[in-house]
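This briefing goes through a structural model by topic, from individual side chains to pairings across the chain. Please keep the sequence and the coordinates at hand while reading.

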Amino acid sequence: MAELVIPEKFAVLPFYEDTRIECQHEWRDDDYFQYPFLAEILWHNRKLAVPPWDLPLRYVPQVHAAWDEEAEIIESFFSKRDRKAARPYMIKHTANLLSAISWMNRQEVPAASPPLLKTKMDGIGKVPMNLGERVTFIVQSPDHYLSFNQLKGLFIESKKQFAMVKITERQNNTE
């Protein structure tokens, strides 16, 4: 086992309580979305050759697939009123959403702390309406059903925007 240093901007609650995490030596692409901001943490620790925001067509669909696989699980926890079980999934997928939206705009995630989320996320190009405000609410209350509904809506909107990004990227690659 080795340790990864978590950059300051990600070492905030509810994502991380510490500035270091234990890690395995080899990570696969699917692992990147099992922990908040892992791909960017690996990049900052020089464990990835190419930053994930340089490969949005590769990574963003993986974020969406991870959400599609687990959204029903989260919903079932909320239907059983098991907020405690839903919480880690909500935190992970909120981080994944922030990553996907940043990467489809070819940028690093600018911030993870609630006070900075609103201003930093609203300053990115292609984002769902009121993203900063909505994500700030989710981060402050990840174990509320209303947060789940907001996150679900944001994923739907981000998928639509990513479809436009794919069209643009393909047009740019053929020119």
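Which residues does Arg134 touch, not counting residues up to four places away in sequence? In this predicted model, Arg134 touches Pro128, Met129, Gln150, Gly153, Leu154 and Glu157. Arg134 is placed in helix 5, which spans residues 131-140, and it counts as buried at 17% relative accessibility, because the cut-off for that class is under 20%.

**Annotated domain and the strand pair**

- According to the UniProt record, an unreviewed entry, the feature "domain: YpoC-like" covers residues 59-169; over this stretch the chain is 78% helix and 0% strand, with the end C-alpha atoms 14 Å apart.
- Strand 1 (residues 2-5) pairs with strand 2 in the antiparallel sense over 4 bridges, and within this pairing Glu3 stands opposite Glu22 of strand 2.

- Asn96 belongs to helix 3, residues 83-104, and is buried with a relative accessible area of 1%.
- The side chain of Asn96 reaches the backbone oxygen of Phe33 at 3.1 Å, and, leaving aside residues up to four places away in sequence, Asn96 touches Phe33, Tyr35 and Val63.

**Aromatic pairs**

- The structure holds 13 aromatic pairs, among them the edge-to-face pair of Tyr59 and Trp103, with 6.0 Å centre to centre and 65° between the planes.
- Because Tyr59 lies in helix 2 (residues 56-79) and Trp103 in helix 3, this pair ties together parts that are 44 residues apart in sequence; Tyr59 counts as buried at 3% relative accessibility, and Trp103 is buried with a relative accessible area of 1%.
- Trp67 and Phe148 form a tilted aromatic pair, at 6.0 Å centre to centre and with 35° between the planes, and this pair links distant parts of the chain, since Trp67 is in helix 2 and Phe148 in helix 6 (residues 145-174), 81 residues apart.

**Salt bridges**

- The structure holds 7 salt bridges, one of which joins the side chains of Asp68 and Lys159 (2.4 Å, N to O); as Asp68 lies in helix 2 and Lys159 in helix 6, the pair ties together parts that are 91 residues apart in sequence.
- Both members of that pair are partly exposed, Asp68 with a relative accessible area of 46% and Lys159 with one of 29%.
- The side chains of Glu75 and Lys152 also meet in a salt bridge (3.6 Å, N to O), and because Glu75 lies in helix 2 and Lys152 in helix 6, parts that are 77 residues apart in sequence are tied together.
- Glu75 is partly exposed with a relative accessible area of 31%, and Lys152 counts as partly exposed at 26% relative accessibility.
- Arg83 forms a salt bridge with Asp143, the closest N and O atoms being 3.5 Å apart; Arg83 lies in helix 3 and Asp143 in the loop between helix 5 and helix 6, so the pair ties together parts that are 60 residues apart in sequence.
- In this pair Arg83 is partly exposed, with a relative accessible area of 39%, whereas Asp143 is buried, with a relative accessible area of 18%.

Conventions: Residues are numbered from 1 along each chain as its sequence is written. This is a predicted model: local features need pLDDT of at least 70, side-chain atom pairs count only at pLDDT 80 or more; totals for chains, interfaces and linings use all residues. Side-chain values use heavy atoms; hydrogens and water are left out. Helices (H or I, at least four residues) and strands (E, at least two) are DSSP runs, numbered from the N terminus. Buried means under 20% relative accessible area, exposed over 50%, partly exposed in between (1.4 Å probe, protein chains only). A polar contact is a pair of N or O atoms within 3.5 Å; within protein, one must be able to donate a hydrogen and the other to accept it, and residues adjacent in sequence count only if both atoms are side-chain atoms. Contact means heavy atoms within 4.5 Å. UniProt positions are given in the numbering used here, feature names are shortened, and annotations may be inferred rather than shown by experiment. Two strands pair if DSSP finds at least two bridges between them. Rings of Phe, Tyr and Trp (its six-membered ring) pair if their centres lie within 6.5 Å; planes under 30 degrees apart count as stacked, over 60 as edge-to-face and the rest as tilted. A salt bridge is a side-chain nitrogen of Lys or Arg within 4 Å of a carboxyl oxygen of Asp or Glu.
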